[in-house]
Amino acid sequence: MGLRKRSAALGAVAGAAAAALAIAGCSSGSSSTGASGTSSNSSSSSAPSTLTVWRMGGSVPSQVTWMNGVVAQFHKEFPQYAKTQVKVDWIPWTNRTTDWNNALSSGKNIPDITELGNTDTPTEAASGILAPLTSDLSSWSGTKGIVPGMLANDTQDGTTFAVPWFGGVRAVWYRTDQFKKAGITSTPTTWAQLQADAVKLQQTYPGTTGFDAITNDTNAFASFIWGAGGQIATQSNGTWTANLTSAQDEAAIKYYVGLYTTAKVSQSKYVGETELGVAGATSGGPNEDFGLGKLDMYIDGSWAKATLPKNSVDTTNIASFPIPSQNGPNPAPVFSGGSDLAVFKTSPNQTAAWDLISVMDNPTNSTSFAALSGFFSPYSAEISASESTGGAFNAGFAKAALNGQTAPLNAKNWPTADNGKLNIIPTMLKSLMQGAPFASTVASANTQLQNVLNTGSAS
């Protein structure tokens, strides 16, 4: 899903979402054009007896209720499918790639619709398991309302292979009462203000850490590069060029590393850590420290509120603000992690599958799906509304969610570059925080990153 580097993260986040689902509202209008852009296949254009939906994670009673409501709407809006049975199969996140490949190669147990993490979409589109949706989106009323950055993640070479269903973004957590006591009258919008506020909080609350400059969360660190106007890598004519040695990227790297080495507002504990501590840990990291009042500002997604320690303190004053850009006033772009919906390429029921997706993912249903589980729908208007109605905690996430970027976190070979495999950027940040020479360390990471993005290999 691209949400975090945590053990069993994909299944845990998806399970949290499924457990909190509620059905509401009616479907918006949708297209009846086939997912492949053609209705020449008779089995694709006729009403199927069964539609199979693969959901990721584990089934819970509330999910059954939610899907029953969606199916009722589907039958009402598309009466030609009144007798079509919708079957939901639950696929463990850890099995998803194997099951997709087995279905494609064997031609057996094929899903018509599959949920997939948004970081899965580029790879699976390239592997050929997803049907093109471009023609459907051109006539679907929901298309214009989706945040462009989210839909861009599902588009490869001008063809869209999935639609965003729900997502989450990172922002900076803080406590309003602590800001007030420290004399901070507004949330920071620049890097300088963020650092200065971290210093003030440490001075006001001796023994605490001002900010968590963790090294092992590239999805969060990307916002600092983007907030300086840089890019991790850019693609042209199918070839990736790594940009870590650009002036903008180097400014972001120096600032982030300097939060620990120079400004002293982070601590050595966070070098090599994820949000939950060392890789594979379930506690002991910034999430726990923030909950217990030992950390003053903390970057994470809204979904992480469920993982705060049970003995967390001062929880009623927790709020959020977007990750600042280098010079403000606009926030830094963020990566939106979450799930997409796609039509399986070899499904014989592509028209009906798309029609069901159009009901599952209309603004009302996607919003009710997401809101109770700490996520956002992919629709700009609904996200904007939640900025003012979701309370102080959600306000920062909602504002951040409107400004998304993806590349190269959606690249086919990104999982090799990051996500616990080579960890190119986390290793670079860790080395720099431990005193490695700047120019050669960044140049080496840049070369390695470029090789991996283009070939899948570090050499």
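Okay, quick word on classes before we start: Ala, Val, Leu, Ile, Met, Phe, Trp, Tyr, Cys and Pro count as nonpolar, Asp, Glu, Lys and Arg count as charged, and the others, Gly among them, count as polar. Also, please keep in mind that this is a predicted model.

So, cavities. The structure holds 3 cavities of 30 Å³ or more. How do the residues of its lining divide by class? We get 3 nonpolar, 7 polar and 2 charged. If you want to find the place on screen, look for N118, M150, N153, D154, P164, F166 and G167, and then S336, G337, G338, S339 and D340.

Which elements give at least two residues each to that lining? They are α7, residues 148–153, then β6, residues 163–168, and β15, residues 337–343. β15 provides the largest share, with 4 residues.

Now the second largest cavity, at about 40 Å³. Its lining is made of N118, G149, M150, N153, V334, S336, G404, Q405 and T406. On the class count, 2 of those are nonpolar, 7 are polar and none is charged.

Two or more residues of the lining come from each of α5 (121–127), β4 (155–156), β9 (233–236) and α19 (438–455). Split by class, the pocket lining has 9 nonpolar, 11 polar and 2 charged residues.

Last stop, a helix pair. Helix α3 covers residues 61–77 and helix α13 covers 350–360; they pack at about 120 degrees, and their axes are 9 Å apart. Why do we call that oblique? Roughly perpendicular stops at 115 degrees and roughly antiparallel means over 145, so an angle between those limits counts as oblique. That is why α3 and α13 are oblique to each other. The crossing of α3 past α13 is right-handed.

And who meets whom? From α3 we have W66, M67, V70, Q73, F74 and E77, and facing them from α13 are A352, D355, L356, V359 and M360. By class, that contact has 8 nonpolar residues, 1 polar and 2 charged.

That's my tour, thanks.

Notes: Residues are numbered from 1 along each chain as its sequence is written. This is a predicted model: local features need pLDDT of at least 70, side-chain atom pairs count only at pLDDT 80 or more; totals for chains, interfaces and linings use all residues. Side-chain values use heavy atoms; hydrogens and water are left out. Axes are lines fitted to C-alpha atoms, for helices over the stretch in contact, and angles run from 0 to 180 degrees between N-to-C directions. Angles under 35 degrees count as roughly parallel, over 145 as roughly antiparallel, 65 to 115 as roughly perpendicular and the rest as oblique. A crossing is left-handed if the near helix is turned anticlockwise from the far one by less than a right angle, and right-handed if clockwise. Contact means heavy atoms within 4.5 Å. On a 1 Å grid over the protein atoms alone, a cavity is a set of points where a 1.4 Å probe fits but cannot get out, and a pocket is an open set with protein on both sides within 12 Å along at least five of seven lines; lining residues have an atom within 4 Å of a point. Grid points are joined across faces, edges and corners, and a volume is the space filled by probe spheres set on the points.
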